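Trainee: I'm new to this one. Please pick a single part of it, take me through it closely, and then follow wherever it leads.

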Amino acid sequence: MTLPPALDGRLPSEDPLLFAWNRLPPRCAPWSCPDRAGALRASHDCAPGLVRLDGAWRAHWAPRPDDAPAAFWDPAADDAGWRTLPVPGLAELHGLGTPIYSNYVYPFRCDPPRVMGEPPADWTSARERNPTLSYRRTFTVPEAWAGRRVFLHVAGVRGALQAWVNGVPVVYAEGNHTAVECEVGAALRPGANLLAVRVWRYCAGSYLEDQDMWRLTGLHREVLLWSAPAGHLWDWQVAQEHADGGVRLHWSADATAGDPGRRVRLSVFAPGGALAASGEGALGAAGSLALEAPPLWSHERPLLHRALIELLDADGRVLEARGRDLGLRRVELGADGFRLNGRALKLQGVNRHEHHGSRGAALTAADTRDELRAIRRAHCTLVRTSHYPNHPRMYELCDRLGLLVMDEADVESHGLSYHRRELPGDRPEWLPACLDRMRRMVVRDRGHACVVAWSLGNEAGYGSAFPAMAAAARAEDRERRPLHYADMNLAADMDSQTYPTVPWLRQHLAGRAVRKGEQGQVSHAAQHGPYPSGKPFFMNEYAHARGNSLGNFAEYWQVMRAHDRLIGGAVWVWRDLSLERGEDGRLVAAQGGDFGDRPNDGDFCDCGLVDAWGRPHPHLHEVVRVQQPFAAEAGDAPGRVVLLNRHHDLALDAYQLCWRLLDDGLALADGVCDPPAVPPGGRAAVEPPGLAEALARCRGERVLRLAWHARDDHAWADAGDEAGWDELPLGGAWTLPAAPATGALAAAEHDGGVEFSDRDGRLVIDRHGRLAAWEHRGGALLAAPMALDFWRAPTSADRGWRMPAECAPWRDAGGSATALACTRAGDGLDCTLELPGVGGRAHLAWRFHGSGCLDLTVTLDPCPAGTPVIPRLGTAWTLPAGFRHVSWYGRGPHESYRDREAAAGLGIWQATVEDWNHLHPRPQETGNRRGVRWIELADAHGRRLRAEALGAPLEVSARPWTRAALEAAATPQQVVPAGATILNLDLGQMGLGGDCTWGERPYPEHRLDPARGWSWGFRLRAC
């Protein structure tokens, strides 16, 4: 085959029609095995006869193609001065070139299909025009492969790839999130062979790869050789037809030329290993097998059959075998929702990039396994492969773990085409590449039970390319899985929209929603067709988890569970995309711009439920709690509980239910209950033994805590693991302990304010009405005067809707408040304060009980019309740094906010000030706890300061930094400790919001309206 002149090894193709040369057609992933035994055991990572080429390769990096070594593919070329680079691996993470994080701006001059134009002078591509990697690796071929066909398999490449074997060009390919395979036998020779590979960061295909991610370069998945007989199987598929409880399998196999007498045999083995069915057929012909009432696969019972296909010679001898897991299940999508095996299922999804903070997209098998187990344990039922096909092992693991997959084609042109008919649009020169990417994904992955939907891509606009891609997917997939594409619902089987709000969903259900893009772009009928469409609706991205976010998550699922037409959504995104970088001898999480990369989108890369290394952010707990598949309600009699089963397949007797009765937060009684076999969708009342008797002994606030523990091992969890919990308030109320009898208090006025004292200590209220000093039994309890606090360190979502500018009058309103009047009121003081900048007034009512006990009630008058929303209603107390041990009775142990508190249960909890908080990749508000009846801080010497709510429970936080320090820092390493403990005793903060983090405010019901009056109070006790 003649190499096209444009592919001479110097430059990547800048022709959208020249996206592959000599690359073999797609196939399903299983390897060729010599016999039945090997094929029954084989997986992507474990198969006989593979020659793996992973490890240290000789590598040369050049900032421009012209700087790359010429004719490096020649075996005689000298690579002695080259360095080594790991494969799998990415050059920029090993000191070669600059990582670039961009959401949608193309990092090269946008001039399709060209990528070598002159960019702005300050862009990284001005000095690294098109980074070019040259790789060399020697290998030997096993002697047993003599007479067999030999194939090169490159599982994945970030960039365009060209390869040579012993100086002979063998393949060129773009769009390399599916494998590059080519036959190399003709170029091999006995003994040592040279594989040379060139990878360019940019090519014409880069216009279809404008995803929100780091732009990195290299062989990021494994490279290997495999062999097969001269005439061998290439691809095979098994499609399912379900009817009357049985399953009919329709199968076919494609093979290379061989003896005409060869046949194919398909065998299907049941989950226990027994042969369930077997049949033979001619090569290229379709066959079928019937299975009567086989066990079905689902996300809760991922029961897998094993399919084995064998190539037989004319005498029935096995020439070659391939095996794969086979999950039997039925997927349906209609106006009444999504159904799996005939039962409705809400898709609790999460978007997933292939990413690790240290390795980028070059994931290990352990990385993938651990991440998918964590996703499954978070009660997520679906992964969307945003925005490209993932590694083949991911699909194998999802089959076994019970994770559904929306498989997404590697087509995104956000920087050009978002809500536009631009590229690929209707342009014929881009259509073949789009069809190729779609077909390769579908053919590779159509055999996986976990794949329940195809996605035509992401944020690539609309046009005739997408109906064509949809037709190509349907032609290759005999199961006709449903199709998704949010940017052109007309081409899909479901409606979809990125980042709809809960009010928008309600409007959509009523047929009155206005569809717009993320920046207000207007949609067209050519995109989405007539409205309303009657199609089921899926949120391909929602609940943008950037920074301290995911407010309103419970509201999403309240409306989702109430309406069949809403089939679910995928949270953006599972994992932060920051990268490891050395800084002052430490490894830190780097964001866009931290490598000097231009253009960049800063901390927009960090939108995860977990950090880049898989450690949970606090908002992950909200996802786990809201999505759990069971719930409980109080029954109609003391000691009776109603259990609700939201599972798809499992009855509630799959769990053991542990209960604990709390009386004012303290455990009064506990026990174990065996739930009845409540079927999916059912409910039943139970009476845990001993609960009614324990309730009769309660004297305070009664709360029943229920914990669900798995009885059996699962692929994602072990027997005994807690799978979720519920909490039921059962009446009663916490009572504020009485204040000590007021002793003899002496009061003295002086220039600094008013001093109150008794034999245990003294307190000073300064002339601004603040508690400026407090000494108790010889020790100082304050390191600085307390202050009213109306501000929080802005969250990512706050910055997105310009809260720091809009609400700026509140930033210093508390600290700069001045007293208009202070009046003695018995053993106390009433102060009226003016709040500069907001035109409001606050009133502080101090009451002193002596013996280190005092009350404070704060009242805020209604503010004038036009006053911005209040970020926080609180008081800030600066305590000595030694007060670092915290216990509290309220919601915990995780943080909670007005619109994110489902994951925080009521109880008595303990923490240190350091553990109480969470430093996000960009520091911001953290650590709030709601529903606090009392909180106590203690130092190592046994001194304690306790705050108790007067009336409504408080919101509290305790930090080793000031909020100003959080706000000023760009990274966690820049947060300067205060040398003190900052305690906030608040009425509350406004909600977090988080539907998206670039413009959506907290919902009105979660805001603090300055036009109404507010009041709260608490008692402080020094112990």
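Mentor: Let's start inside, with the second largest cavity, which holds about 160 Å³ of space. Before we go on: this is a predicted model, where local features need pLDDT of at least 70 and side-chain atom pairs count only at pLDDT 80 or more, while totals for chains, interfaces and linings use all residues. Residues are numbered from 1 along each chain as its sequence is written, and side-chain values use heavy atoms, with hydrogens and water left out.

A cavity is a set of points on a 1 Å grid over the protein atoms alone where a 1.4 Å probe fits but cannot get out, and a lining residue has an atom within 4 Å of a point. Grid points are joined across faces, edges and corners, and the volume is the space filled by probe spheres set on them. This cavity has 16 lining residues, and those nearest its centre are Arg27, His153, Ala179, Glu181 and Arg444. By class, the lining has eight nonpolar, three polar and five charged residues (nonpolar: Ala, Val, Leu, Ile, Met, Phe, Trp, Tyr, Cys and Pro; charged: Asp, Glu, Lys and Arg; polar: the others, Gly among them).

Buried means under 20% relative accessible area, exposed means over 50%, and partly exposed is in between, with a 1.4 Å probe and protein chains only. Helices (H or I, at least four residues) and strands (E, at least two) are DSSP runs, numbered from the N terminus. Two strands pair if DSSP finds at least two bridges between them. β7 runs antiparallel to β13 (residues 223-228), with six bridges between them, and it also has four bridges to the antiparallel strand β10 (residues 180-183). Look at Leu152: its bridge partner in β13 is Leu225, and in β10 it is Cys182. Glu181, another residue close to the cavity's centre, falls within the range of β10.

Arg444 is another way out of the cavity. Its number lies within α6 (431-445), one of the elements that the buried residues of α4 pack against; the others are α3 (365-377), β26 (404-408) and β27 (451-455). Contact here means heavy atoms within 4.5 Å. Helix α4 (residues 392-401) is largely enclosed by the rest of the structure, because nine of its ten residues are buried. Among those buried residues are Arg393, Glu396 and Asp399, along with Met394, Tyr395 and Leu397.

Rolling a probe the size of a water molecule over the atoms shows where empty space is left. The count comes to twelve cavities of 30 Å³ or more. The largest cavity has about 200 Å³ of space. It is lined by 18 residues, with Arg201, Ser206, Glu209, Met213 and Arg215 closest to its centre. Its lining splits into eight nonpolar, five polar and five charged.

Pockets are the open counterpart: an open set of points with protein on both sides within 12 Å along at least five of seven lines. The second largest pocket has about 590 Å³ of space. Of its 31 lining residues, Ala554, Arg625, Asp726, Glu901 and Ala902 are closest to the centre. Elements giving two or more residues to the lining are α10 (553-562), α11 (619-627), β34 (630-634), β39 (702-710) and β40 (722-729). The top contributor is α10, with five residues. The lining has twelve nonpolar, four polar and 15 charged residues.

For one more stop, find the open sheet of five strands in the order β46-β51-β58-β57-β54, paired antiparallel. Its edge strands, β46 (784-789) and β54 (929-932), each pair on one side only. Inside the sheet, β51 (residues 872-880) and β58 (residues 980-989) are joined by nine bridges, and Pro880 has Ala980 as its bridge partner in β58.
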